[in-house]
Amino acid sequence: MKDHSYGKKDSCGRAYFGRGLVQITHKYNYSSVGKFLNIPLEDYPDLAYKREVSILMLVDGVRGRWFAGKPLNKYLDEKQSNWVRARESVNPGSPNKAATGYFACRFYDAIQPASLIEAQEQDPNSCMKLKNL
């Protein structure tokens with residue numbers, strides 16, 4: 001059943017649509033993430049737009065497995081780099097995980113300092129292929 005309340009303003013004029021790097025949605029998610037971070041996110045959902053809050057939501061959320069319950073190191077470590085599946089650490093149901101996985105992979109490659117030992121070769125099936133798994 002589709003939730004028709006998505007994005008609609010409540011009696012105080014607050015709407016709980018996707019904001020921040022992880023695009024949290026719905027009042028219950030704003031409430032739980034706010035409790036994890038000890039900030040009044042449910043009362044002030046626009047705080048998710050603030051860069052420092054948005055970064056905390058993403059990093060602490062992935063580390064704490066708030067969103068999907070899957071640890072990031074299940075997909076990315078010294079032996080494997082599955083960028084498309086790594087997207088599942090934030091939103092396993094995303095229809096865009098292949099595209100976001102692809103861009104994460106390209107970003108990772110772009111920020112590697114020349115002084116580092118060459119990064120492991122990326123698996124073309126999980127990095128270059130724009131098809132959701």
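Not counting residues up to four places away in sequence, Ile 24 touches Phe 17, Gly 18, Arg 19, Asn 29, Tyr 30, Val 33, Leu 41, Met 57 and Phe 67. The model is a predicted one. Its chain has 133 residues, of which 29% are buried, and its secondary structure comes to 5 helices and 0 strands.

- Ile 24 is located in the segment before α1.
- Ile 24 counts as buried because its relative accessibility is 5%, and the limit for that class is under 20%.
- Between Ile 24 and Met 57 there are 33 residues of separation in sequence, while their C-alpha atoms are 8.9 Å apart in space.

**Arg 19, a buried arginine**

- Arg 19 also belongs to the segment before α1, a helix that spans 27–37.
- With a relative accessibility of 3%, Arg 19 is classed as buried.
- A polar contact of 2.9 Å links the side chain of Arg 19 to the side chain of Tyr 30.
- When neighbours within four places in sequence are left aside, the contacts of Arg 19 are Ile 24, Tyr 30, Pro 45, Asp 46, Ala 48, Tyr 49 and Met 57.

**The largest nonpolar core**

- The largest nonpolar core contains 12 residues: Tyr 16, Val 22, Ile 24, Tyr 30, Val 33, Leu 37, Leu 41, Ala 48, Val 53, Met 57, Val 62 and Val 90.
- Two or more residues of this core come from each of the elements α1 and α2, the latter covering 51–64.
- Leu 41, one of the core residues, is in contact with Ile 24, Tyr 30, Val 33, Gly 34, Leu 47, Ala 48 and Met 57, leaving aside its neighbours within four places in sequence.

**Surface features**

- The chain exposes about 8900 Å², and carbon and sulfur atoms supply 55% of that area.
- Leu 21, Ile 55 and Val 59 form a nonpolar surface patch of about 240 Å².
- Within this patch, Val 59 is placed in helix α2.
- Val 59 is partly exposed, given a relative accessibility of 34%.

**Loop residues with positive phi**

- Asn 38 is not a glycine, yet its phi is positive, at about 60°.
- The position of Asn 38 is in the loop between α1 and α2, and its relative accessible area of 69% makes it exposed.
- Arg 65, likewise not a glycine, has a positive phi of about 55°.
- Arg 65 lies in the loop between α2 and α3, the helix at 83–86, and is partly exposed, with a relative accessible area of 44%.

**Helix α4 and the chain as a whole**

- Ala 104 is part of helix α4, which comprises residues 97–111.
- Ala 104 is partly exposed, at 28% relative accessibility.
- Ala 104 and Arg 87 are separated by 17 residues in sequence, and the distance between their C-alpha atoms is 8.9 Å.
- Along the sequence, the elements of the chain follow the pattern α-α-α-α-α.
- Of the contacts in the chain between residues at least 6 apart in sequence, 40% join residues at least 24 apart.

Technical notes. Residues are numbered from 1 along each chain as its sequence is written. This is a predicted model: local features need pLDDT of at least 70, side-chain atom pairs count only at pLDDT 80 or more; totals for chains, interfaces and linings use all residues. Side-chain values use heavy atoms; hydrogens and water are left out. Helices (H or I, at least four residues) and strands (E, at least two) are DSSP runs, numbered from the N terminus. Buried means under 20% relative accessible area, exposed over 50%, partly exposed in between (1.4 Å probe, protein chains only). A polar contact is a pair of N or O atoms within 3.5 Å; within protein, one must be able to donate a hydrogen and the other to accept it, and residues adjacent in sequence count only if both atoms are side-chain atoms. Contact means heavy atoms within 4.5 Å. A nonpolar core is a set of buried Ala, Val, Leu, Ile, Met, Phe, Trp, Tyr and Cys residues joined through side-chain atoms within 4.5 Å. Patches are made of residues with over 30% relative accessible area and no salt bridge: like charges are joined within 9 Å, nonpolar side chains (Val, Leu, Ile, Met, Phe, Trp, Tyr) within 5 Å. Accessible areas come from the Shrake-Rupley method with a 1.4 Å probe; for residues, only the protein chains shown count as cover. A salt bridge is a side-chain nitrogen of Lys or Arg within 4 Å of a carboxyl oxygen of Asp or Glu.
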